[in-house]
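This briefing goes through a single protein chain, topic by topic. Please keep the coordinates open while reading.

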Amino acid sequence: MIASTFAQTPPIETGVSQALAQWRAAHYSDVRYKLNITLEKGAPQMKGAIEINVKLKTENGKLNPNDAQIVLDWRKIRGKEDLSTVSNVSINGAAAKFEEINEHLVFKDGVKPGENTIKLDFTSPILTSGGAITRYIDKEDGAEYIYSLFVPSDASTAFPVFDQPDLKARFTLSVEFPGGWRVISNTNSSCGRICAMARPICYFKETKPISTYVFAFAAGDFTEVSEPSALADGLTRASNNSKINENDSKNSNASNAKLKPPADAGGSDLSSKIYVRKSQAEKFKQHSKEVFRLNREGVKFLEDWFDYKFPFPKYDLVLIPEFPFGGMEHAGATFLREDRIIFPTEPTKNDFITRANLIFHEA
């Protein structure tokens, strides 16, 4: 049924049609993105390079000519089209010929059965609102903050990608950024300088397979807040031999099956930090203990309820000023709207309940 239903490549229409999403899910697998980005103060664009690895499924080791293409999503923001560019494009080590059709990059020449690697440089806009990458300038001290928000399908306005939730991928990220900034993403990082005169650069470890809309990063003059003594109270580390079953949905009828977390899941030494902009760090002190407690106890409750340990190696909270939603549950690095956590006016009982509900909801 699958072979006959998706034998023909769907038409390349604007947006991600259901037909294209189903066709890609049937033909693509083992997706990985290696993303290198550069952030500069006040720059209208984010610059970067991406390596996209994807496996094309074959029948008896052969690739149907109709299936010999890779269709990436690349959507330009209206009115900012000139800020979105791709260059130095290659596929499998050779200069690539491709077509740009209705918000997609379509590769046919050079596509082969099995593993394929596309490399390219890109630029994309950084906006003050309404964009996948947003800049905020602190009205109190002039500090700059940049953050991503890809939900539901805006990752493809930041860089070329397969922007559909069921094509989960492993992300590796490196960020070059101005001195004095901190960068937060889905996984733990190692930060340093690539040479004595260079700007700082952070290398983030590869993620578990995640959807594009829960990949995220934030950068700026953040203050890092931690509560080490409290982290051991509620969370327990999984066995090193435990492994997540990425096909749980296919094995849902297994009797008495218990879900296991990955080996590097969170536990008693789960890394959990809160990041707040520098000008609000002092104000946040009076709230930090309670926010850590709510987050910790919320995760512990869910672990007990589902009999499933927290599946990521860390769970950071990043307080984002003027965030367009109450929060967003990015894997391992949830973003929360700052004024829902640090109240701008004297809080009421309802404000406290709303804050707790938001923290639990995102967890």
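At 30% relative accessibility, Arg293 falls in the partly exposed class. The model is predicted, and in it Arg293 forms a salt bridge with Glu297, with 3.1 Å between the closest N and O atoms. Glu297 is likewise partly exposed, at 42% relative accessibility.

**Salt bridges**

- The structure contains 19 salt bridges.
- Lys34 and Glu51 form one of them, with the closest N and O atoms 3.9 Å apart. This pair links distant parts of the chain, since Lys34 belongs to strand β1 (residues 28-38) and Glu51 to strand β2 (residues 45-56), 17 residues apart.
- Lys119 joins Lys34 and Glu51 in a network of salt bridges.
- Asp154 and Arg75 meet through their side chains in a further salt bridge, at 2.5 Å from N to O. Asp154 lies in the loop between β10 (144-148) and β11 (169-176), and Arg75 in the loop between β3 (70-73) and β4 (85-91); the pair is 79 residues apart and links distant parts of the chain.
- Asp154 is partly exposed, with a relative accessible area of 21%, and Arg75 is also partly exposed, at 24%.

**Overall composition**

- The secondary structure consists of five helices and 20 strands.
- The protein has 363 residues, and 49% of them count as buried.
- For contacts between residues at least 6 apart in sequence, 72% join residues at least 24 apart.
- The accessible surface is about 17800 Å², and carbon and sulfur atoms account for 50% of that area.

**The sheet β9-β10-β15-β12**

- Four strands form an open sheet in the order β9-β10-β15-β12, and the pairing is antiparallel.
- Strands β9 (133-137) and β12 (182-185) are the edges, each pairing on one side only.
- From one strand to the next, the twist averages 10°.
- Strands β9 and β10 run antiparallel and are joined by five bridges. Thr134 stands opposite Tyr147 in β10.
- Gly142 is found in the loop between β9 and β10. Gly142 is partly exposed, with a relative accessible area of 49%.
- The C-alpha atom of Gly142 is 9.5 Å from that of Ser279, although 137 residues along the chain separate the two.

**Nonpolar cores**

- The largest nonpolar core has 72 residues. Those with the most contacts inside this core are Met46, Ile70, Phe107, Phe159 and Phe162.
- Another core, of 19 residues, lies apart from the largest one; Val276, Val299, Leu317 and Ala356 are among its members.
- Leaving out residues up to four places away in sequence, Phe159 touches Leu35, Met46, Ile50, Asp73, Trp74, Phe122, Phe150 and Phe215.

**Strand β20 and its partners**

- Strand β20 (residues 333-337) has four buried residues out of five, so the strand is largely enclosed by the rest of the structure.
- Strands of a sheet pair through backbone hydrogen bonds, either parallel or antiparallel. Both senses occur at β20: the pairing with β18 is parallel, and the pairing with β19 is antiparallel.
- Strand β18 (residues 316-320) pairs with β20 over five bridges. Val318 stands opposite Phe335 in β20.
- Strand β19 (residues 327-328) is joined to β20 by two bridges, and Gly327 stands opposite Leu336 in β20.
- Strands β19 and β20 form a hairpin with four residues between the strands, and in this hairpin Gly332 takes a positive phi near 80°.

Key: Residues are numbered from 1 along each chain as its sequence is written. This is a predicted model: local features need pLDDT of at least 70, side-chain atom pairs count only at pLDDT 80 or more; totals for chains, interfaces and linings use all residues. Side-chain values use heavy atoms; hydrogens and water are left out. Buried means under 20% relative accessible area, exposed over 50%, partly exposed in between (1.4 Å probe, protein chains only). Contact means heavy atoms within 4.5 Å. Accessible areas come from the Shrake-Rupley method with a 1.4 Å probe; for residues, only the protein chains shown count as cover. A salt bridge is a side-chain nitrogen of Lys or Arg within 4 Å of a carboxyl oxygen of Asp or Glu. Two strands pair if DSSP finds at least two bridges between them. Axes are lines fitted to C-alpha atoms, for helices over the stretch in contact, and angles run from 0 to 180 degrees between N-to-C directions. A nonpolar core is a set of buried Ala, Val, Leu, Ile, Met, Phe, Trp, Tyr and Cys residues joined through side-chain atoms within 4.5 Å.
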